[in-house]
Amino acid sequence: MSVTRGIIAPALAQATLAELPPFRSGSALLATSVFLKYAVILLLAAVLAVPLARRGRLGAVLGYLIAGVLIGPHALNLMGETESIAHLSELGVVLMLFVIGLELSPARLWVMRRTVFGLGGLQMVVTAVLFGAVALAMAQRWQTALIIGLGLALSSTAIGLQVLAEHKQLQSPHGRLAFAILLLQDVAAIPILALIPLLGAHGTPVGDVGWLSYLRDAARIIGVLVVIGVGGRYLLRPLFRITARTQIPEVFTAAALLVVMGTALLVEMAGMSMSLGAFLAGMLLADSEYRAAVESRVDPFKGLLLGLFFISVGMSADISIIVHKPWLIAGLVLTLVALKSGVLYAIARWPAKLDHREAFALAAVICQGGEFAFVVFNLQADTGLLSIAQRDLLIVVVTLSMALTPLLVAAVARLNGRKKPEAMPEWDTIEDEHPKVIIAGFGRVGQIIARVLRAAGIPYTAIDSSIDQIEVSRRFGSKIYYGDPTSIDLLRAANVGAAQVFVIATDDPEANVRTARLVRRLYPHLHVFARARNRQHAFRLMDLGVADPVRDTLHSSLRMTEQVLGALGVASATIQQQLRTFEKHDDALLKSQHLVYDDETAIMQSAKDAVTDLEALFAADQEQRDEASPEQPQGT
């Protein structure tokens with residue numbers, strides 16, 4: 001991500017006032033006129049270019065980039081000074097990383113640590129070494145080659161995630177791996193920026209003062225991260241609680257934008273990536289009850305400013321270099337894309353163990369250079385590690401690689417589409433004619449139900465969509481068929497209409513809900529019993545008419561509680577009474593919470609009241625037992 005000073009940039013108009021003739025109504029009106037002019041040009045470029053690009057199946061990102069090239073200073077020159085626009089457009093990337101952070105809690109990031117730091121770090125190191133070697137072969141100093149390698153190893157988070165979102169591939173295997181690699185690259189921005197001044201024009205720091213300066217910078221960075229962590233934990237929720245109580249949507253929106261931009265500004269002042277700060281702010285809100293509301297308020301701003309970012313990238317491309325050095329540019333772009341694609345493909349195939357299709361898709365979506373390379377190369381030129389001509393050449397190469405990304409992704413999608421998909425076995429022909437029970441899902445739960453039914457002589461039909469589960473179960477003599485319980489044709493073939501009971505025992509909550517919805521719609525006469533992973537899953541099933549969802553851990557937890565109380569010396573009769581009271585109370589609580597489960601405040605209040613009610617019930621039961629046997633000590 002780009003790290004630039006002055007994200008709260010001067011007004012766009014102020015950067016270009018000298019380019020326009022005097023306006024008779026004064027400087028204030030002139031500034032407004034300039035701002036409106038640029039706003040109209042930018043919006044018109046987006047409105048015209050993006051639909052045309054989509055119509056040509058090029059994607060929205062390429063449309064924005066083409067629009068930027070056309071209106072930029074190297075083509076039609078409809079805009080004046082573009083630096084302020086670039087500063088403003090960075091907010092689009094900042095907001096995008098904030099939204100990503102909202103979807104990624106610290107606990108989930110810890111689970112992803114192997115992918116992020118292992119595979120992401122591997123990509124950074126290998127790619128940087130390869131590009132550094134190429135730079136050395138082109139007679140560059142080792143200091144210059146090192147920074148060029150690190151700069152080109154970075155990919156565009158904005159383009160990569162936007163293209164994945166357009167193709168609905170963010171949750172695909174290669175989409176998750178791409179996100180992990182891009183996240184590591186964002187974190188790597190900090191040491192890369194610190195390394196450039198260390199190398200400097202001569203490759204060595206100047207005296208001890210330089211080291212002391214970097215130690216102070218490190219301390220400042222650590223201090224800012226501590227402030228963000230503590231403030232996010234203890235201040236963000238009260239802030240959103242206060243603004244939510246106003247019942248004024250625009251105040252809540254202002255609070256959301258304040259958190260994003262304030263954190264970005266704080267982190268940027270410490271010399272770190274603004275987008276990394278926004279990402280941290282999003283993570284701090286990932287587990288809060290305000291996550292969904294904040295995301296819905298920020299998302300429209302993110303989309304508009306992200307489009308502006310892509311336009312500004314297009315505007316920065318100096319197409320005159322392409323005209324004067326077409327073969328050199330083509331060779332460098334091809335080298336960048338080819339080397340990076342090779343590394344990404346190898347990582348996806350072997351350490352990550354993805355198939356060929358997913359590996360090709362990963363390589364296509366993040367094989368480009370990144371927007372952070374612009375900052376790296378600019379800073380590199382400022383410290384004397386690159387000439388101005390070399391910097392401009394590398395920036396054009398990176399920009400063209402970014403523009404090629406939508407085309408590469410579309411080409412790989414067509415290539416993968418032509419490949420014959422792996423043959424999946426056909427659904428089994430179901431021979432059972434009169435089953436009383438249908439069991440969808442033959443894992444741990446389904447197998448126990450089936451064992452009892454078979455021992456009792458009750459005919460049933462078991463269905464599962466896992467080939468591995470089918471093979472294992474059949475080796476143990478179970479009668480089970482391969483099929484998808486969410487398929488209407490399969491349900492008819494299983495003669496579900498003649499059954500009395502339908503058991504949904506699949507362990508996938510989404511498949512579980514889809515099956516319940518289909519069965520309740522087609523066969524309303526059936527008694528439907530379904531397992532639920534948690535209370536929220538149970539509420540969704542209850543919405544579909546499943547009266548008593550069975551939560552996975554409830555009964556096993558009650559059994560363990562029985563053992564714990566027994567070990568503490570509680571009388572067996574008392575244990576059974578307490579467990580019956582708890583189960584009855586919890587069942588009533590589940591039904592009452594189902595009425596308000598989409599209201600976070602009501603759910604929390606209900607849970608608090610339930611604790612008091614349960615304590616009162618236990619106390620009443622104890623009084624009854626004491627009255628029934630006043631002289632008998634407990635535990636005998």
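**View A. What lines the second largest pocket: 16 nonpolar, 4 polar and 7 charged residues.** Here Ala, Val, Leu, Ile, Met, Phe, Trp, Tyr, Cys and Pro count as nonpolar, Asp, Glu, Lys and Arg as charged, and the others, Gly among them, as polar. This is a predicted model, where local features need pLDDT of at least 70 and side-chain atom pairs 80 or more, while totals for chains, interfaces and linings use all residues. Residues are numbered from 1 along each chain as its sequence is written, and side-chain values use heavy atoms, leaving out hydrogens and water.

**View B. The middle of that pocket, with Leu170, Gln171, Gly175, Arg176 and Phe179 nearest its centre.** They belong to a lining of 27 residues around a space of about 560 Å³. A pocket is an open set of points on a 1 Å grid over the protein atoms alone, where a 1.4 Å probe fits, with protein on both sides within 12 Å along at least five of seven lines; lining residues have an atom within 4 Å of a point. Points are joined across faces, edges and corners, and the volume is what probe spheres set on them fill.

**View C. Helix 8 (173-199) and its partners in the lining.** Helix 8 gives the most, 5 residues. Helices are DSSP runs (H or I, at least four residues), numbered from the N terminus.

**View D. Helix 12 (residues 274-285), mostly covered.**

Conventions:
Buried < 20%, exposed > 50% of the residue type's maximum accessible area, 1.4 Å probe, protein only. Helix = DSSP H or I, 4+ residues; strand = E, 2+ residues; numbered from the N terminus.
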